[in-house]
Amino acid sequence: MDALCENCWYNEYDEETDGNFCSLTLDEDEYVRLMQDKNKTCRYFRPAGDEYDIVKKQN
């Protein structure tokens with residue numbers, strides 16, 4: 001799943017921890033289901049777009 005995360009819209013970089021995290025807001029049940037998925041496929045994956053999509057995301 002890490003390979004998907006690197007190219008995902010929800011992948012964010014945190015300067016304080018010097019690491020990436022998923023910024024998608026999941027409730028506890030959804031998070032547990034995602035972590036227990038044997039296929040490790042994220043149904044919330046959204047490919048990152050171009051530089052214009054990033055600007056839209058920041059606004």
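This report walks through a predicted model of a protein, from its overall layout to a few single residues.

## Overall layout

The protein has 59 residues. Its secondary structure comes to three helices and two strands. Read along the sequence, these elements follow the pattern α-β-β-α-α.

Of the residues, 5% count as buried. The accessible surface comes to about 5,200 Å². Carbon and sulfur atoms hold 47% of that surface. Contacts also reach along the chain. Among those between residues at least 6 apart in sequence, 50% join residues at least 24 apart.

## Confidence

The average pLDDT of the protein is 79. A score of at least 70 is reached by 76% of the residues.

Strand β1, residues 11–14, has the highest mean pLDDT, at 90. Helix α3, residues 51–58, has the lowest, at 61. Where pLDDT is low, the predicted coordinates should not be read in detail.

## The hairpin

Strand β1 pairs with strand β2, residues 19–22. The pairing is antiparallel and runs over four bridges. Glutamate 12 stands opposite phenylalanine 21 in β2. Aspartate 14 stands opposite glycine 19, also in β2.

Four residues lie between the two strands of this hairpin. Aspartate 18 belongs to the loop between β1 and β2. Its phi is near 55°. That is a positive value in a residue other than glycine. Is aspartate 18 buried or exposed? Aspartate 18 counts as exposed, because its relative accessibility is 55% and the exposed class starts over 50%.

## Tyrosine 13

Tyrosine 13 sits in strand β1. Which residues does tyrosine 13 contact, leaving aside its neighbours within four places in sequence? They are Asp18, Gly19, Asn20 and Phe21.

Tyrosine 13 has a relative accessibility of 47%, so tyrosine 13 counts as partly exposed. Tyrosine 13 and serine 23 are 10 residues apart in sequence. In space, they are 9.4 Å apart, C-alpha to C-alpha.

## A nonpolar patch

Tyr31, Val32 and Met35 make a nonpolar surface patch of about 260 Å². Valine 32 is found in helix α2, which covers residues 28–36.

How does valine 32 count in terms of accessibility? Valine 32 counts as partly exposed, because its relative accessibility is 36%.

Conventions. Residues are numbered from 1 along each chain as its sequence is written. This is a predicted model: local features need pLDDT of at least 70, side-chain atom pairs count only at pLDDT 80 or more; totals for chains, interfaces and linings use all residues. Side-chain values use heavy atoms; hydrogens and water are left out. Patches are made of residues with over 30% relative accessible area and no salt bridge: like charges are joined within 9 Å, nonpolar side chains (Val, Leu, Ile, Met, Phe, Trp, Tyr) within 5 Å. Accessible areas come from the Shrake-Rupley method with a 1.4 Å probe; for residues, only the protein chains shown count as cover. A salt bridge is a side-chain nitrogen of Lys or Arg within 4 Å of a carboxyl oxygen of Asp or Glu. Buried means under 20% relative accessible area, exposed over 50%, partly exposed in between (1.4 Å probe, protein chains only). Contact means heavy atoms within 4.5 Å. pLDDT is the predictor's confidence in each residue, from 0 to 100. Two strands pair if DSSP finds at least two bridges between them.
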